[in-house]
Amino acid sequence: MEPTALTTARLDLRPFAPADEDEVYAAAQDPGIQRWTMVPSPYRREDAHAFVNEIAPNGWREDTGYPFAVRLGPGGPLVAALGIHRRGEEGYEIGYWTVKEHRGRGYMAEAVAAVARWVFTEMGVVRLEWRAEVGNTGSRAVAEKTGFRVEGLLRAGLIRSGTARDCWVGALLPSDLGLTPALPYLSAGVGGAA
């Protein structure tokens, strides 16, 4: 897929570039990011270099992942990272982290909402899934604020650092945002198709 840039009222979302390496490295030194996300721990300079120069651009090129650097306006500081990853043939999952100094200002919810609209309208995604290790209340708050419905707990649903961990799982559908779904949806719940 061709790399895409998005904007919101306060944020500029664009694919990661080599110039982002120093900010990614600095942000990922936060023990909270290392604890709750899939970034390597310890996070080394080589990890940041590989991410911005290989992993991120290869995801776009190979249609396997769509990572965005989230900045406070064009040319502003890096406030977050957000990515959509393919899970198999038809599944898509969202993941994110916020720079410690920028938490609690609603930036991540704003970015998640923009990217969700993009994947539903431009990519025709039917379901966007969110997972977070049980206890990651910050990630869960963002997911719920942006309309994800927490669907339950997956035992041993995440593998991190050689350990299986329980995780919460939730999903967002186009209809949750008032958008027309790419496919008809026949719900098992009361109310039929959405």
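Reader: What does helix 5 lie across, and at about what angle does helix 5 run to strand 6?
Author: In this predicted model, helix 5 (residues 137–145) lies across strand 5, strand 6 (128–133), strand 7 and strand 8 (163–172). Its direction is about 160° to strand 6.

Reader: And what does helix 3 lie across?
Author: Helix 3 (residues 45–62) lies across strand 2 (11–15) and strand 3 (65–72), at about 120° to strand 3.

Reader: What makes strand 1 and strand 7 edge strands?
Author: Strand 1 (6–7) and strand 7 (149–160) each pair on one side only. The open sheet has eight strands, ordered 1-2-3-4-5-6-8-7, with mixed pairing.

Reader: How do you know that strand 4 and strand 5 pair?
Author: Pairing takes at least two bridges. Strand 4 (residues 78–87) and strand 5 (residues 91–98) have eight bridges, in the antiparallel sense, so they count as a pair. One of the bridges joins His85 to Glu93 in strand 5.

Reader: Which residues touch the most other members of the largest nonpolar core?
Author: Leu82 and Leu128, in a core of 35 residues. Helix 4 (107–122) is among the elements giving two or more residues to this core, and with nine residues helix 4 gives the most.

Reader: What is Leu82 in contact with, beyond its neighbours within four places in sequence?
Author: Its contacts include Tyr66, Phe68, Ile94, Tyr96, Met108 and Val115.

How values were computed
Residues are numbered from 1 along each chain as its sequence is written. This is a predicted model: local features need pLDDT of at least 70, side-chain atom pairs count only at pLDDT 80 or more; totals for chains, interfaces and linings use all residues. Side-chain values use heavy atoms; hydrogens and water are left out. Helices (H or I, at least four residues) and strands (E, at least two) are DSSP runs, numbered from the N terminus. Contact means heavy atoms within 4.5 Å. Axes are lines fitted to C-alpha atoms, for helices over the stretch in contact, and angles run from 0 to 180 degrees between N-to-C directions. A nonpolar core is a set of buried Ala, Val, Leu, Ile, Met, Phe, Trp, Tyr and Cys residues joined through side-chain atoms within 4.5 Å. Buried means under 20% relative accessible area, exposed over 50%, partly exposed in between (1.4 Å probe, protein chains only).
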